[in-house]
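Me: I would like to know how the descriptions of a structure follow from its values. Please take me through a few of them.

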Amino acid sequence: MNMTEPAAPHDEDVIVVNHPLVQHKLTLMRERDTSTGAFRHLARELSLLIGYEAMRDLPLEPVEIETPLEPMQARRLAGKKLCLISILRAGNGILDGLLDLVPSARIGHVGLYRDPETLEPVEYYLKLPDDVGNRICLVVDPMLATGHSAVAAIDRLKQAGCTRMVFVCLLASPEGVACLRKAHPDVRIVTCAIDRGLDEHGYIRPGLGDAGDRLFGTK
Ligand code: URA
């Protein structure tokens, strides 16, 4: 069974993870009455599942090992190491699942808030590992809505020397996907679903509401 499919014909760098477990858990996250604890737990599980897909192209190298029975040439992750970069604050809600997969990954943070009038991102925080330019970066934010924050974060990360990035989100809008693909066609997008579109407040519809508020129990 094919668990993933490109979102649009001719764009193999927009990956929608159509695995039944992913879709089931996303549905639970969308539901209005899902509690904060359950929402957080589902975000962790989903990020692990789509992280698996986002890391599909990581390079491997041969390594000589000994099993209890005989020596063998096995494979391990090669060369470039990983950095997970959270777009604050909601990005933090999907770090843990990814860290379950790659516990030694370095972590960076980009703080951007959305100006409520213009919906444009404003940077207020940036902290990255010194060698971020030598790492494969997974840039994470649960929601790819207008795409403005993702584009601004990736602009900034490129300035800081990042050359290889994948954008990982739980839910995207068609507008956000188009915006990010246009600004950064070299950055693959991995998501659980692409919804109908944005409303006048920049929320994804039907969506799952405000991911940050639902993750952290704020309003
Ligand atoms: N951010 C969210 O948390 N939800 C949306 O629908 C859009 C942006």
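**From values to words**

Reply: In this predicted model, the ligand is surrounded by Ala90, Met143, Ala145, Gly202, Tyr203, Ile204, Gly207, Asp210, Ala211 and Gly212. By class, that shell has six nonpolar, three polar and one charged residues.

Me: What makes a residue of the shell around the ligand charged or polar?

Reply: Asp counts as charged, and Gly is among those that count as polar. Asp210 is in the shell, so Asp210 is charged by this definition. Gly202, Gly207 and Gly212 are also in the shell, and therefore they count as polar.

Me: Why are helix 4 and helix 5 called roughly parallel?

Reply: Helix 4 (residues 148-159) and helix 5 (residues 174-183) pack at an angle of about 20 degrees, and their axes are 8 Å apart. Angles under 35 degrees count as roughly parallel, and therefore these two helices are described that way. Their crossing is right-handed. Helix 4 contributes His148, Ala150 and Val151 to the contact, while helix 5 contributes Gly176, Cys179, Leu180 and Ala183. By class, this contact has five nonpolar, two polar and no charged residues.

Me: How do you know that strand 11 and strand 13 pair?

Reply: Pairing needs at least two bridges. Strand 11 (residues 171-172) and strand 13 have two bridges, in the parallel sense, so they pair by this definition. Ala172 has Ile194 of strand 13 as its bridge partner.

Me: What makes strand 9 and strand 13 edge strands?

Reply: The open sheet has three strands in the order 9-11-13. Strand 9 (143-144) and strand 13 (193-194) each pair on one side only.

Note on methods
Residues numbered from 1 in each chain as written. Predicted model: local features only at pLDDT ≥ 70, side-chain atom pairs only at ≥ 80, totals over all residues. Axes fitted to C-alpha atoms, helices over the stretch in contact; angles between N-to-C directions. Helix = DSSP H or I, 4+ residues; strand = E, 2+ residues; numbered from the N terminus. Parallel < 35°, antiparallel > 145°, perpendicular 65-115°, else oblique. Left-handed = near helix turned anticlockwise from the far one by under 90°. Contact = placed C-beta atoms within 7 Å. Near = placed C-beta within 6 Å.
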